[in-house]
Amino acid sequence: MARIDDDMHDAGSTQRAFTLVEVAPEPVPADLAVVTPPSSEKRRRGDVFRPGPGPMVQFQGVIKRYDGDVRGLDGVSVSIAAGEFVFLVGQSGSGKSTFIRLCIRELRATSGHVIIGGRDLGELRRSKVPYLRRAIGCVFQDFRLLPDRTASENVAYALQVTGHSRQEVNRRVPEILALVGLDGKGDRLPRELSGGEQQRVSIARALVNQPRLLIADEPTGNLDPDTSQGIMDLLTRINRTGTTVLVATHDRDTVDRMQQRVIALHNGRIVRDAEGGYNEDPGDTGEIA
Ligand SMILES: Nc1ncnc2c1ncn2[C@@H]1O[C@H](COP(=O)(O)OP(=O)(O)OP(=O)(O)O)[C@@H](O)[C@H]1O
Ligand SMILES: [Mg+2]
């Protein structure tokens, strides 16, 4: 593990990590302490990915071409600072999932640079990619839960792979399930949970390793408005403790209600980058990034 730590961690950046948080984090409520990123001074086991002093997410002239010359992203440059809450919006096929999959190196850029926590993912060795993915909390529309494991086991697995003791796992899993509103449902298999509950398990799993960056692709895509609001409220609370949150969504109502930074994609390009509502109309380019 030490060797990996060294590889993922730029020497000298430790003391400066997270000095760029633009919104001063609020005092951490007791129930959120379990998911709050540790201060830069504390070193935890499994903490193999330490964001440096620059932006949390940076795209520099990123082009992603799929087979057949389909342009998933067509020259995207953008920067997201540590501590921001950002919505990524745009109609179907505009490039949201492509953007997110590039951030976790499920895809590689055809050209340009994807830089996460100061690390250029184009230069990250393949053997290190699992450590990147464990360090970024990721939530997907289709949940990606292990179907033959209970809710608790799904969350526990994320802790086990980062080397936590059984004692720690036994302590943290119920805490985090309670945090996402799944008290008492830890023993259920995914198929015995509703869609919203499964999504909460996937959020619990994404949060349990206290990521500094939480990325969610359509986390409320299949959920009713009340459940969606509950999920978004949870993401907002987590953001307030200093975690950077990036959410791709079609959910116009939620975006309009939350009045956060909105990056709008259209045909693989950023057509708007501003605080406010959804405003999908690509013709309204008064604020082109
Ligand atoms: N694996 C793939 N192979 C070929 N083309 C792809 C692939 N994945 C995505 N694309 C194409 O890339 C473009 C962007 O797709 P992407 O999935 O990023 O869109 P999206 O904004 O997430 O859409 P949605 O809202 O429907 O999820 C689309 O034209 C899509 O057809
Ligand atoms: Mg998508």
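Helices (H or I, at least four residues) and strands (E, at least two) are DSSP runs, numbered from the N terminus. This is a predicted model, in which local features need pLDDT of at least 70 and side-chain atom pairs count only at pLDDT 80 or more, while totals for chains, interfaces and linings use all residues. Residues are numbered from 1 along each chain as its sequence is written, with chains lettered from A and ligands numbered from 1 in the order in which they are written.

**Strand E9 and its partners**
- Two residues separate E9 from E10 in the hairpin, and Asn267 in the turn has a positive phi of about 50°.
- Ile263 stands opposite Asp273 in E10, and Ile263 is also the bridge partner of Leu88.
- Strand E3 (residues 85-89) pairs with E9 in the parallel sense, over four bridges.
- Strand E9 (residues 260-266) is largely enclosed by the rest of the structure, because five of its seven residues are buried (20 or more other C-beta atoms within 10 Å of the residue's own, C-beta atoms being placed from the backbone).

**The four-stranded sheet**
- An open sheet runs in the order E2-E1-E4-E5, with antiparallel pairing.
- Strand E2 (71-80) and strand E5 (119-120) stand at the edges, each with a single partner strand, so one side of each has no neighbour in the sheet.
- Strand E4 (residues 111-116) is joined to E5 by two bridges, and Ile115 has Asp120 in E5 as its bridge partner.

**Helices H6 and H7**
- Helix H6 (residues 195-207) and helix H7 (residues 225-240) pack at an angle of about 10°, with axes 10 Å apart; axes are lines fitted to C-alpha atoms, for helices over the stretch in contact, and angles run from 0 to 180 degrees between N-to-C directions.
- H6 and H7 are therefore roughly parallel to each other, a term for angles under 35 degrees.
- Gly196, Gln199, Ile203 and Leu207 in H6 meet Thr227, Ile231, Leu234 and Ile238 in H7, contact meaning C-beta atoms, placed from the backbone, within 7 Å.
- The residues of this contact divide into five nonpolar, three polar and no charged; Ala, Val, Leu, Ile, Met, Phe, Trp, Tyr, Cys and Pro count as nonpolar, Asp, Glu, Lys and Arg as charged, and the others, Gly among them, as polar.

Technical notes
Parallel < 35°, antiparallel > 145°, perpendicular 65-115°, else oblique. Contact = placed C-beta atoms within 7 Å. Buried ≥ 20, exposed ≤ 12 C-beta atoms within 10 Å, placed from the backbone. Pairing = 2+ DSSP bridges.
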